[in-house]
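Please consult the sequence and the structure shown here while reading.

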Amino acid sequence: MRWLVFGVIALAGTMSAEHARACSCMQQSPEEAIATADALFEGTVTAISSNTETDFGGRAVALTIERAWKGVSGSSVTVATASNSAACGYPFQVGETYLVYGYRSKAGKLQVSLCSRTTPIGDAKAQLKLLGKPLPLATETGAPPEKKGRCSASLPGAANPNPLGILMVLGAVAASRRRR
């Protein structure tokens with residue numbers, strides 16, 4: 001009888017919920033996910049439909065973009081996700097708002113999975129603090145909204161300057177002044 005009890009306990013230990021999941025992810029830190037995501041935005045789900053254009057089947061999720069930090073422009077976007085959580089599909093719900101981490105497929109389509117840090121916006125307060133100020137959203141014409149007030153130059157990469165590049169330029173300027 002003692003062996004039977006031991007066997008049942010051992011078997012129960014191998015049947016935890018963690019082992020029952022088919023989708024297994026190695027969770028990135030928020031900083032790693034921000035750095036590696038191809039697209040990062042806050043969006044509200046407007047529609048979900050079946051998607052046959054992806055490698056894995058699944059669902060096409062249409063979102064209205066509320067704020068964006070990288071990788072998207074315009075006022076809406078469609079992302080692909082697997083049809084269920086066992087295949088790592090993200091469980092989007094129509095009408096809900098999410099902080100979305102998207103990754104581009106080889107075909108250039110945005111994909112989202114349970115393994116991305118995509119999360120309901122209400123649970124994303126700490127991540128939003130890390131992200132800082134969002135990019136201006138494009139208007140219907142595809143152009144960013146006009147800035148009122150002071151004039152500012154628009155240089156490629158000016159929205160997210162590279163601190164190392166800035167230091168290198170300042171160092172070069174200082175070195176050239178010393179030579180004079």
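The points that follow cover the overall fold, the disulfide, the nonpolar cores and the strand pairing.

This is a predicted model, in which local features need pLDDT of at least 70 and side-chain atom pairs count only at pLDDT 80 or more, whereas totals for chains, interfaces and linings use all residues. Residues are numbered from 1 along each chain as its sequence is written, and side-chain values use heavy atoms, with hydrogens and water left out.

**Overall fold**

- The protein has 5 helices and 6 strands; helices (H or I, at least four residues) and strands (E, at least two) are DSSP runs, numbered from the N terminus.
- Along the sequence, these elements follow the pattern α-α-α-β-β-β-β-β-β-α-α.
- Of the 180 residues of the protein, 28% count as buried, where buried means under 20% relative accessible area, exposed over 50% and partly exposed in between, with a 1.4 Å probe and protein chains only.
- Among contacts (heavy atoms within 4.5 Å) in the protein with a separation of 6 or more, 57% are accounted for by residues 24 or more positions apart.
- The accessible surface of the protein comes to about 12600 Å², and 58% of it belongs to carbon and sulfur atoms; accessible areas come from the Shrake-Rupley method with a 1.4 Å probe, and for residues only the protein chains shown count as cover.

**The disulfide**

- The structure holds 1 disulfide, a term for a pair of cysteine sulfur atoms within 2.5 Å.
- Cys25 and Cys115 form this disulfide, with their sulfur atoms 1.9 Å apart.
- Because Cys25 lies in the loop between helix H2 (17–20) and helix H3 (30–36), and Cys115 in the loop between strand E5 (110–111) and strand E6 (119–120), the pair ties together parts that are 90 residues apart in sequence.
- The disulfide is left-handed because the torsion about the S-S bond of Cys25 and Cys115 is about -70°.
- Cys25 counts as partly exposed at 31% relative accessibility, and Cys115 counts as partly exposed at 26%.

**Nonpolar cores**

- A nonpolar core is a set of buried Ala, Val, Leu, Ile, Met, Phe, Trp, Tyr and Cys residues joined through side-chain atoms within 4.5 Å.
- The largest such core has 16 residues, of which Phe41, Leu63, Val72, Val77, Val79, Phe92 and Val100 touch the most other members.
- Strands E1 (39–50), E2 (59–70), E3 (76–81) and E4 (97–104) are the elements that give two or more residues to this core, and E2 provides the largest share, 4 residues.
- A second, separate core of 10 residues includes Ile34, Trp69, Leu99 and Ala124.
- Not counting residues up to four places away in sequence, Val79 touches Phe41, Arg59, Ala60, Val61, Leu63, Phe92, Leu110 and Val112.

**Strand E4 and its partners**

- Strand E4 is largely enclosed by the rest of the structure, because 6 of its 8 residues are buried.
- E1 and E4 pair in the antiparallel sense over 6 bridges; two strands pair if DSSP finds at least two bridges between them.
- Gly43 stands opposite Tyr98 in E4.
- E4 and E6 run antiparallel and are joined by 2 bridges, with Thr119 in E6 as the bridge partner of Leu99.
- E4 and E5 also run antiparallel, joined by 2 bridges, and Arg104 stands opposite Leu110 in E5.
- E4 and E5 form a hairpin with 5 residues between them, and Gly108 in the turn has a positive phi of about 90°.
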